[in-house]
Amino acid sequence: MSIYDDIVHDEQNKRYTAAGLYPIFSVPQSAKVLIIGQAPGKKVQDTGIMWNDASGDRLREWLGVDKSIFYDSGEIAVIPMDFYYPGKAKSGDKPPRRGIAEKWHPKLRAQMPNIQLTILIGAYAQRYYLNLAPKTTITSTVQNFAEYLPDFFPIIHPSPRNNIWLKKNPWFLIDVIPKLQKQIAEIIQV
């Protein structure tokens, strides 16, 4: 069986499989850039297409790539912290389930020997991969993105829910995004 099949048949994912839902991720062996985010949103889970929403549109803009490069080039991989939509919370979606990244990310990452940059989207991915102290803010992590290069590039989630954060932190679009786009362009020669 493949890792995909193992994830589908994992006991932790039984209720999703029973509901006809399937894990959302993409790990082309040729990938050079890996995107690790929180978990699929409702629209993404319903369509089975990663980053197939307003957040995905903004993410591609921030990366400086179009849909064909994002989806069809084999240059970009996507692994969420949880493979399934976790449901709604009071504000936004519920957090990804614990233990999923620990169990599956090493196996999936091992399938992609050419990864040159891992983009960590949001606090869950950043805390897991950067071993941040519990009180470290996403703002300080993103402001200090250069500390995590050349392996990791932390950014905020591109959700429209973060428009207020973007207005309060104009340096992100002015200073961080151009550097991210430059990194991506150098790696995948956009």
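Which strands does helix H10 (residues 171-188) lie across? Helix H10 lies across E1, E2, strand E3 (117-121) and E4, and runs at about 145° to E4. Axes here are lines fitted to C-alpha atoms, for helices over the stretch in contact, with angles from 0 to 180 degrees between N-to-C directions. Contact means heavy atoms within 4.5 Å. Helices (H or I, at least four residues) and strands (E, at least two) are DSSP runs, numbered from the N terminus.

Welcome to a predicted model, in which local features need pLDDT of at least 70 and side-chain atom pairs count only at pLDDT 80 or more, while totals for chains, interfaces and linings use all residues. Residues are numbered from 1 along each chain as its sequence is written, and side-chain values use heavy atoms, with hydrogens and water left out.

**The sheet**

Let us turn to the strands. Four of them form an open sheet in the order E2-E1-E3-E4, with parallel pairing. E2 and strand E4 (152-155) stand at the edges with a single partner strand each, so one side of each has no neighbour in the sheet. On average, neighbouring strands of this sheet are turned by 20° against each other, direction ignored. Two strands pair if DSSP finds at least two bridges between them. The table shows two of the pairings.

| Pair | Bridges | Residues standing opposite |
|---|---|---|
| E1 and E2, parallel | 5 bridges | Val-33 and Ile-76 |
| E3 and E4, parallel | 4 bridges | Ile-121 and Ile-155 |

Strand E4 is covered on both faces: Phe-152 and Pro-154 on one side, and Phe-153 and Ile-155 on the other, are all buried. Buried means under 20% relative accessible area, exposed over 50% and partly exposed in between (1.4 Å probe, protein chains only).

**The cores**

A nonpolar core is a set of buried Ala, Val, Leu, Ile, Met, Phe, Trp, Tyr and Cys residues joined through side-chain atoms within 4.5 Å. The largest one has 31 residues, of which Ile-35, Leu-63, Phe-70, Ile-119, Ile-155, Phe-172 and Ile-184 touch the most other members. At least two residues of this core come from each of E1, H4, E2, E3, E4, helix H9 (163-168) and H10. Helix H10 gives the most, with 8 residues. Another core, of 24 residues, lies apart from it, and Ile-3, Ala-31, Ile-36 and Leu-108 are among its members.

**Backbone details in the loops**

Most residues other than glycine have a negative phi, and most peptide bonds are trans. Trp-51, which is not a glycine, has a positive phi of about 55°; Trp-51 sits in the loop between helix H3 (42-47) and helix H4 (54-63). Asn-131, in the loop between H7 and H8, also has a positive phi, near 50°. Is each of these two residues buried or exposed? Trp-51 counts as buried because its relative accessibility is 11%, whereas Asn-131 counts as exposed because its value is 66%. The peptide bond from Leu-149 to Pro-150 is cis, with omega near 10°, and Pro-150 lies in the loop between helix H8 (138-143) and E4.
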